[in-house]
Amino acid sequence: MTSPPVSLRHDPVAGRLALREALLRPPPGLDTLGLVFLFCETLSSLGVPLERSRCVLFTLHPLFHARSFVWDTRIGSTTEVHRHGIQELPDYTKSPVAAVREQGVARIRRRLEDPGVPADFDGLAGLRERGVTDYLCLPVPFIDGSVHAMSFATVAAGGFVDVEADAIEEALRLLAFLMEITARRDVTNVMLRTYLGADAARHVLSGQVRLGDGETITSVIWLSDLREFTAMTDSLPRAELLELLDAFYDAVVTSIENEDGEVLKFIGDAVLAAVPVDPAGGPAPAVRRALKAAQDAMHRADAVNASRRSQGRRPFAFGIALHVGEVTYGNVGVPERLDFTVIGPAVNLASRIEGLCRPLGEFALASEVFASHCSAEEVRDLGPQTVRGVDHPVRV
């Protein structure tokens, strides 16, 4: 005979131990979403009549302020939602989450089936209308001093019993430790991807963190440079200059990333990117993606500039150089300050070719090696050109 399942309500000691054991021995590799799922599923398995739970973690991310993880017994899973500008939204500022996070309230509980209990926070009246009988919101404190929040709701008659609410609050302290580990890992991944690019971040996180760590790869090299940037720096207000620079970056970077390219560096008003060549397939597929990205960047820039002109704002122009060659992909710099990038003669040549865009009156120029993988309809031969720093003419 198998033992009946432990119930927190009827055996609080055994239930607390079971809840603690689940958190002390989580499956390896769980992320924050998985931790929320594990916690809520364990509570449910211990007889807690949990209908819905929401965990709100405030994070460091360039696109959003908070991550919201929602567990719902009706769908049997946990979902993640990103919240933009949450600090200014009324559904946050007047919510229990804001109270426990910013006002230091240790615990908010509202037994909503009691008509005399006030719906004194935004959202509680709606929960009552949906049949929620008991609502509990608790802080999730991290060791770094930041405070987050997690709420629990039930539709069961009578709501949570006190021993269940107390066990949730007690176990949440342990869950907070685990969440801080996964949240920090997530922030590290996001920040490295944001500042280095996805592939460079993967290399760094895999252990390539020493000066000289790297590899030789064949890649399409992309170099874009904004024209007349020095003059614009002198003539445009700072805010307007930054807005124009961001519009240029948006047109170029979006196009590159849509074709699986990797932006390696912003060099003032320039963009250095790479489209890696798969050794098994040769350069042609990477060349086609880079060519498509260049065409897309041109169309995006045209559309943006049309809008800018209609609003009386200054348009922008830029050039693109495309080349294929071997590069060293890895760490350069000094041991205490590294940069993960590409270096080599192929990068230098791409830079020199890009400098010909303006004098030749072309939006994009390609090296002879790059053009050899294009059709005759896609390129025009401009013949050998004198390139600064190269002791022989270069065909573009």
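**Entry 1: terms and ground rules.** I take buried to mean under 20% relative accessible area, exposed to mean over 50%, and partly exposed to mean in between, with a 1.4 Å probe and protein chains only. I am reading a predicted model, in which local features need pLDDT of at least 70 and side-chain atom pairs count only at pLDDT 80 or more, while totals for chains, interfaces and linings use all residues. Residues are numbered from 1 along each chain as its sequence is written, and side-chain values use heavy atoms, with hydrogens and water left out. Helices (H or I, at least four residues) and strands (E, at least two) are DSSP runs numbered from the N terminus.

**Entry 2: two residues with positive phi.** I looked up Asp-260, which lies in the loop between helix 9 and strand 8, and found it exposed at a relative accessible area of 58%. Its phi is near 65°, a positive value in a residue other than glycine. I then turned to Glu-228, in the loop between strand 7 (214–226) and helix 8 (229–235), where phi is also positive, at about 60°, although this residue is not a glycine. Glu-228 has 40% relative accessibility and so counts as partly exposed.

**Entry 3: strand pairing.** I count two strands as paired if DSSP finds at least two bridges between them. Strand 8 (residues 262–267) runs antiparallel to strand 9 (residues 270–276), and 5 bridges join them; within this pairing I noted Lys-265 opposite Leu-272 in strand 9. The two strands form a hairpin with 2 residues between them, and Gly-268 in the turn has a positive phi of about 65°. Val-263 belongs to strand 8 and is buried, with a relative accessible area of 11%. The C-alpha atoms of Val-263 and Ala-273 are separated by 4.2 Å, though these residues are 10 apart along the chain.

Strand 7 is joined to strand 9 by 7 bridges, in the antiparallel sense, with Asp-225 standing opposite Ala-270 in strand 9. Strand 7 also pairs with strand 10, again antiparallel, over 13 bridges, and there I found Thr-216 opposite Thr-328 in strand 10.

**Entry 4: the nonpolar core.** Here a nonpolar core is a set of buried Ala, Val, Leu, Ile, Met, Phe, Trp, Tyr and Cys residues joined through side-chain atoms within 4.5 Å. The largest one has 36 residues, and those with the most contacts inside it are Trp-222, Leu-226, Phe-248, Phe-318 and Phe-370. Two or more residues each come from strand 7, helix 8, helix 9, strand 9, helix 10 (283–310) and strand 10 (318–334). The largest share, 9 residues, is that of helix 9.

**Entry 5: helix 11.** Which residues of helix 11 (residues 345–354) are buried? I listed Ala-346, Val-347, Leu-349, Ala-350, Ile-353 and Glu-354. Seen down the helix axis, these buried residues fall within an arc of 160°, so they line one face of helix 11; the arc is that of the directions from the helix axis to the C-beta atoms.

**Entry 6: the lining of the largest pocket.** A pocket is, on a 1 Å grid over the protein atoms alone, an open set of points where a 1.4 Å probe fits, with protein on both sides within 12 Å along at least five of seven lines, and lining residues have an atom within 4 Å of a point. Helix 6 (162–196), helix 7 (198–205), helix 9 (238–258), strand 8 and strand 11 (337–343) each supply at least two residues of the lining of the largest pocket.
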